[in-house]
Amino acid sequence: MSPTQANDFGLIGLAVMGQNLVLNIESRGFSVSVFNRSPAVTEAFVAANPGKQLTACSTLPALVQSLALPRKLMIMVKAGAAVDEVIEQLVPLLSAGDIIIDGGNSLYSDTERRDAWLTPLGLRFVGAGVSGGEEGARKGPAIMPGGPASTWAVLRPIFEAIAAKVDGVPCVVHIGPGGAGHYVKMIHNGIEYGDMQLICEAYSLLKAAGLSSDEMASVFAGWNQGDLQSYLIEITAVALAQRDPATGQPLVELIQDQAGQKGTGQWTQLNAAENAVVISTINAAVEARVLSSQKPLRLRASGLLHGPAPAPPLATPEDKARLVAQVHDALYASKVVSYAQGLDLMRSMSDKKQWALDLGAIAGIWRGGCIIRARFLNHISAAYAADPGLRNLMLAPFFQQLLNRSQQAWRTVVAQAVMQGIPVPAFSASLAYYDSLRSARLSANLLQAQRDFFGAHTYERTDRPAGEWFHTDWPEVID
Ligand code: NBP
């Protein structure tokens, strides 16, 4: 195709995500101009895909000239400075009203900075979270576009065409202005950390009870047929069944127990701290990865610090079935808490930024394409549809009943883990959040007494109206 034709879409950055998105967009009938910093990649990509509506552009001016107005240009390069470098090169080439989309995993505050830079120049900037990895990009990702509302009408036909579909509904909505799209993608990733850690804790409990890898694979496969149906449960079942071709051993047991991370979980933690929102399950998940990576320290401590004697493996199928059912309930309840916390953080930021986030719609688009896709997201959408002002997901009738039904098994699982010395930081953080939230009276009365004692910070009384503050002249303590 000649570069003078007015193509529908331009994409910059032909690494794994860019290439797969281009093939997805083209397969829906849109013509795409492509550019990569290293031109050999562009040429090889277009050559490998003959007969498609693709235009290889060796320069950014050629790319810009090949696009219909208003131009729709997606940047899919490494998040960070590379995005700014590409934008700087594009700005002098573009016309008023053109749309630059950053489809990478950019920090939402960087997106807000870029929005503030480009808007006065007459350009429209959309930070769009794209979830689902390589396969999602090719077959249908969940897309979380932010930016000016005026861009939605222009981008909607393309985004709806390429997004994953669940029950025929595309997994994309306009999330909100400015950095809202990248913000929601960040929370998605934080929740993903929580989901993954909770699954790992379930695995550690089943393994400690003596279930074999094949037994665990069949437990997870069974769970994937029920309430816990989700992509992450599904891949866990498949991973546990995988054998190492060289040794014949379960492959998972040969993999080092040191987790990596790329930082989006930590971004979520920082944002929660800034907004004083509790996301203890996600925090536990991020911290579990950090501690896992400190292998030499753990090896040293394992020889020095004592735990309980290991429990004998469960002997009977009945005992195993009982444990599996309890761990299922603990996992489901903990997952609900994790989502309740992530949604609470989004609610808080939405209020602060006046983004008017539709939390039910966001849960709806996470049902397909993305890593956290799961059946139970339907219940979250339904809860917000029934009560758009829902203050905490756990208070929605469906989730109340689920938590009330699960709490006894959840306690049993956490208590057994503690007694057996099995770390379950995300299960226990979730349960502690549940118990704190349902406590009409916490121990913060003593905390207020301590604060007033050493700092005269004053306190309110239970027997006097709120807003009346008291100070006590506490007895002097001599060190
Ligand atoms: P990478 O994040 O690995 O980035 C590689 C691409 O960035 C190449 O096309 C490279 O061009 C280009 N690039 C770099 Br590096 N510096 C550049 C610069 N200064 N100017 C222009 N181009 C530059 O690619 P990816 O894994 O496809 O991810 C793309 C984005 O999508 C990232 O933000 C990532 O976090 C996000 N994301 C990735 C996944 C995933 O599963 N991989 C999932 C969801 C989101 P070159 O060929 O010339 O080096």
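Trainee: How does Ala-456 count at 44% relative accessibility?

Mentor: Buried means under 20% relative accessible area, exposed over 50%, and partly exposed in between, with a 1.4 Å probe and protein chains only. At 44%, Ala-456 therefore counts as partly exposed. This is a predicted model, in which local features need pLDDT of at least 70 and side-chain atom pairs pLDDT 80 or more, while totals for chains, interfaces and linings use all residues. Residues are numbered from 1 along each chain as its sequence is written, and side-chain values use heavy atoms, without hydrogens and water.

Trainee: Where does Ala-456 lie, and what is its phi?

Mentor: Helices (H or I, at least four residues) and strands (E, at least two) are DSSP runs, numbered from the N terminus. Ala-456 is in the segment after α19 (444–455). Its phi is positive, about 50 degrees, although Ala-456 is not a glycine. Ala-276 also has a positive phi, near 50 degrees. Ala-276 sits in the loop between α11 (264–274) and α12 (280–292) and is exposed, with a relative accessible area of 70%.

Trainee: Which peptide bond is cis?

Mentor: The bond from Leu-69 to Pro-70 is cis, with omega near -15 degrees. Pro-70 belongs to the loop between α3 (60–65) and β4 (72–75).

Trainee: How many aromatic pairs does a search of the whole structure find?

Mentor: Rings of Phe, Tyr and Trp (its six-membered ring) pair if their centres lie within 6.5 Å; planes under 30 degrees apart are stacked, over 60 edge-to-face, and the rest tilted. The search finds eleven. One of them joins Phe-376 and Phe-399: the centres are 6.3 Å apart and the planes at 90 degrees, so the pair is edge-to-face. Phe-376 lies in the loop between α15 (359–365) and α16 (377–386) and Phe-399 in helix α17 (residues 397–420), so the pair ties together parts 23 residues apart in sequence. Both Phe-376 and Phe-399 are buried. Phe-399 also pairs edge-to-face with Phe-398, at 5.0 Å centre to centre and 85 degrees between the planes. At 32% relative accessibility, Phe-398 is partly exposed, whereas Phe-399 has 0%. Tyr-332, Tyr-339, Phe-376, Phe-398 and Phe-399 make up one aromatic cluster.

Trainee: Which residue lies over the face of Tyr-231?

Mentor: A charge sits over a ring if NZ of Lys or CZ of Arg is within 6 Å of the ring centre and within 35 degrees of the ring normal. Over Tyr-231 the residue is Arg-373, at 4.1 Å from the ring centre. The charged end of Arg-461 sits over the ring of Phe-470, 5.9 Å from its centre.

Trainee: Which residues come nearest to the ligand?

Mentor: A residue is near a molecule if one of its heavy atoms lies within 4 Å of it. Of the 19 residues around the ligand, Met-17, Asn-36, Arg-37, Ser-38 and Glu-85 come nearest. An N or O atom in the side chain of Arg-37 is 2.9 Å from a ligand oxygen atom, and a backbone N or O atom of Asn-105 lies 2.9 Å from an oxygen atom of the ligand. The protein covers 75% of the 910 Å² of accessible area that the ligand has on its own (Shrake-Rupley method, 1.4 Å probe). The elements giving two or more residues to the shell are α1 (16–27) and α4 (81–90); α4 has the largest share, three residues.

Notes
A polar contact is a pair of N or O atoms within 3.5 Å; within protein, one must be able to donate a hydrogen and the other to accept it, and residues adjacent in sequence count only if both atoms are side-chain atoms.
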